[in-house]
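Subject: Structure handover

Hello,

Here is the structure I promised to pass on. Please open it first, then read the notes below.

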Amino acid sequence: EIIMYSIKQVESHGRYNAKSKWSSACGAYQYMPMTWGNYKGFKTACLAPEWAQDARMRHEVIARWNNYHNWDKVIAGHYSPAYAGNKSKWGKSWGGLSIREYVQRVNDRMNSIVVGLATT
């Protein structure tokens, strides 16, 4: 759940109705329509309720973990599925942010959550 929350915060600041200015990505996790894949019968993530967006992301995280057994690659897989398994390609960027930078942003967000939990 912490990785999902962290990706959601980096992608949309937690807004389930967010729409990208630069692409057709939308929803809390900024799914492209093709990647969203008509999940649960909703044409795009923007049209899906919160529970469906969270369920799609949970499914993705579990599947990527089962494939990579590496959290950085799970995170990278959300940003750039084609390059997630090949760290030598993580210098590539989309929207001004490289895969490596995206992974770091999500990790920084997760770390701040964990530190917050540890100090409460």
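Let me begin with Gly77, which sits in helix 4. Please keep in mind that this is a predicted model.

Is Gly77 buried or exposed? Gly77 counts as buried, because its relative accessibility is 0% and the cut-off for buried is under 20%. Beyond its neighbours within four places in sequence, Gly77 touches Glu60, Arg64 and Ala84. I also looked at Gly77 against Glu101. They are 24 residues apart in sequence. In space, their C-alpha atoms are 13 Å apart.

Next comes His78, also found in helix 4, which covers residues 71-79. His78 is buried too, with a relative accessible area of 10%. Which residues does His78 contact, leaving aside those within four places in sequence? The list is Ile7, Glu11, Tyr29, Tyr31, Met57, Glu60, Arg64 and Tyr102.

Two of them involve Glu60. One joins the side chains of Glu60 and Arg56, at 3.7 Å from N to O. These two residues are four apart in helix 3, so about one helical turn separates them. The other joins Glu60 and Arg64, at 3.3 Å from N to O. This pair also lies in helix 3, again four residues apart, or about one turn of the helix. Together, Arg56, Glu60 and Arg64 are linked in a network of salt bridges.

How accessible are the members of this network? Glu60 counts as buried, at 5% relative accessibility. Arg56 is buried, with a relative accessible area of 13%. Arg64 is buried as well, at 18%.

The remaining salt bridge pairs Glu1 with Arg58. Their closest N and O atoms are 2.9 Å apart. This pair links distant parts of the chain, 57 residues apart. Glu1 lies in the segment before helix 1, while Arg58 belongs to helix 3 (residues 50-68). Glu1 is exposed, with a relative accessible area of 61%. Arg58 counts as partly exposed, at 32%.

Last, have a look at how two helices pack. Helix 1 spans residues 2-12 and helix 5 spans residues 99-118. Their axes come within 9 Å. They cross at roughly 125°, and the two helices are therefore oblique to each other. The crossing is right-handed.

Which residues make the contact? From helix 1 come Ile2, Ile3, Tyr5, Ser6, Ile7, Gln9, Val10 and Glu11. From helix 5 come Tyr102, Arg105, Val106, Arg109, Met110, Ile113, Val114 and Leu117. By type, the contact residues divide into 11 nonpolar, two polar and three charged.

- The network of Arg56, Glu60 and Arg64.
- The salt bridge of Glu1 and Arg58.
- The right-handed crossing of helix 1 and helix 5.

Best wishes

How values were computed. Residues are numbered from 1 along each chain as its sequence is written. This is a predicted model: local features need pLDDT of at least 70, side-chain atom pairs count only at pLDDT 80 or more; totals for chains, interfaces and linings use all residues. Side-chain values use heavy atoms; hydrogens and water are left out. Axes are lines fitted to C-alpha atoms, for helices over the stretch in contact, and angles run from 0 to 180 degrees between N-to-C directions. Angles under 35 degrees count as roughly parallel, over 145 as roughly antiparallel, 65 to 115 as roughly perpendicular and the rest as oblique. A crossing is left-handed if the near helix is turned anticlockwise from the far one by less than a right angle, and right-handed if clockwise. Contact means heavy atoms within 4.5 Å. Ala, Val, Leu, Ile, Met, Phe, Trp, Tyr, Cys and Pro count as nonpolar, Asp, Glu, Lys and Arg as charged, and the others, Gly among them, as polar. A salt bridge is a side-chain nitrogen of Lys or Arg within 4 Å of a carboxyl oxygen of Asp or Glu. Buried means under 20% relative accessible area, exposed over 50%, partly exposed in between (1.4 Å probe, protein chains only).
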